[in-house]
Amino acid sequence: MEVINKIGRRKTAVARIYMTPGKGDIKVNGRDYKEYFPFEVHQIVLQQPFAVISGGNGYDLKVNVRGGGISGQAEAIRMAISRALCEYNGEFRGALKKEGFLTRDPRMVERKKYGRAKARKRFQFSKR
């Protein structure tokens, strides 16, 4: 039984997954993914790569994810799953790439600058 180990990133979230052939169990940080991601939107994001290849319930996933927020974590896991599926079967690459699941999203939070309220927002101007 081969274990495929891949990493996915989004914003500051980093997801490491271990994929094995199985019956479709997904554990995120030791908990079921439906418990870890209570919102259905994030659960759907996790399932997207399997929906694209149609019939991906034959894999068990053990996921370690840290950093970032809940959306960033879900998208990091999606990227890691997509990379693992490509390694498992190279024919999946075209469909997953077309959906954009293999592309690292480079957008990050812009840092706060001194003399400003936030990254770009200025303090209130007072004429007198």
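In this predicted model, E75 has a relative accessibility of 25% and counts as partly exposed. Its side chain meets that of R10 in a salt bridge, with 2.9 Å from N to O. The pair links distant parts of the chain, since E75 belongs to helix α3 and R10 to strand β1, 65 residues apart. The points below place this pair within the sheet, the helix that lies across the sheet, and the other salt bridges.

**The sheet**

- Five strands make up an open sheet with mixed pairing, and their order is β1-β2-β5-β3-β4.
- The edges of this sheet are β1, residues 4-10, and β4, residues 31-32, each of which pairs on one side only.
- Strand β1 runs antiparallel to β2, which covers residues 13-21, and seven bridges join the two.
- Within this pairing, K6 stands opposite I17 in β2.
- Strand β2 is also joined to β5 by eight bridges, and these two strands run antiparallel as well.
- In that pairing, V14 stands opposite R66 in β5.

**Loops with positive phi**

- The hairpin of β1 and β2 has two residues between the strands, and K11 in this hairpin takes a positive phi near 50°.
- K11 is a residue other than glycine, and it counts as partly exposed because its relative accessibility is 43%.
- N29 is placed in the loop between β3 and β4.
- N29 likewise has a positive phi near 50° in a residue other than glycine.
- With a relative accessibility of 33%, N29 counts as partly exposed.

- Helix α3, formed by residues 70-88, lies across β1, β2, β3 (26-28) and β5 (59-66).
- The direction of helix α3 is at about 145° to β1.
- I77 is part of helix α3, and its relative accessible area of 0% makes it buried, because buried means under 20%.
- Neighbours within four places in sequence aside, I77 is in contact with A15, V28, F37, L46, V63 and V65.
- The C-alpha atoms of I77 and A13 are separated by 9.1 Å, although the two residues are 64 residues apart along the chain.

- H42 is located in helix α2 and counts as buried at 10% relative accessibility.
- Residues up to four places away in sequence are not counted here: H42 touches F37, I70, S71 and A74.
- I70 is also one of the residues of a nonpolar surface patch of about 290 Å², which is made by F39, V41 and I70.
- F39 sits in the loop between α1 (33-36) and α2 (40-53).
- The relative accessible area of F39 is 52%, so this residue is exposed, the cut-off being over 50%.

**Salt bridges**

- Eight salt bridges are found in a search of the whole structure.
- One of them joins K6 to E87, and the closest N and O atoms are 2.9 Å apart.
- This pair also links distant parts of the chain, with K6 in strand β1 and E87 in helix α3, 81 residues apart.
- Both partners count as partly exposed, K6 at 24% relative accessibility and E87 at 44%.
- In the bridge between E75 and R10, R10 counts as buried at 8% relative accessibility, whereas E75 is partly exposed.
- A further salt bridge is formed by E110 and R120, with the closest N and O atoms 3.0 Å apart.
- E110 and R120 both lie in the segment after α4 (93-99), and they are 10 residues apart.
- E110 counts as partly exposed at 37% relative accessibility, while R120 counts as exposed at 60%.

Terms used. Residues numbered from 1 in each chain as written. Predicted model: local features only at pLDDT ≥ 70, side-chain atom pairs only at ≥ 80, totals over all residues. Heavy atoms only, no water. Pairing = 2+ DSSP bridges. Helix = DSSP H or I, 4+ residues; strand = E, 2+ residues; numbered from the N terminus. Contact = heavy atoms within 4.5 Å. Axes fitted to C-alpha atoms, helices over the stretch in contact; angles between N-to-C directions. Patch = residues over 30% accessible without salt bridge, like charges linked within 9 Å, V, L, I, M, F, W, Y side chains within 5 Å. Areas by Shrake-Rupley, 256 points an atom, 1.4 Å probe, with all protein chains shown as cover. Salt bridge = Lys/Arg side-chain N within 4 Å of Asp/Glu carboxyl O. Buried < 20%, exposed > 50% of the residue type's maximum accessible area, 1.4 Å probe, protein only.
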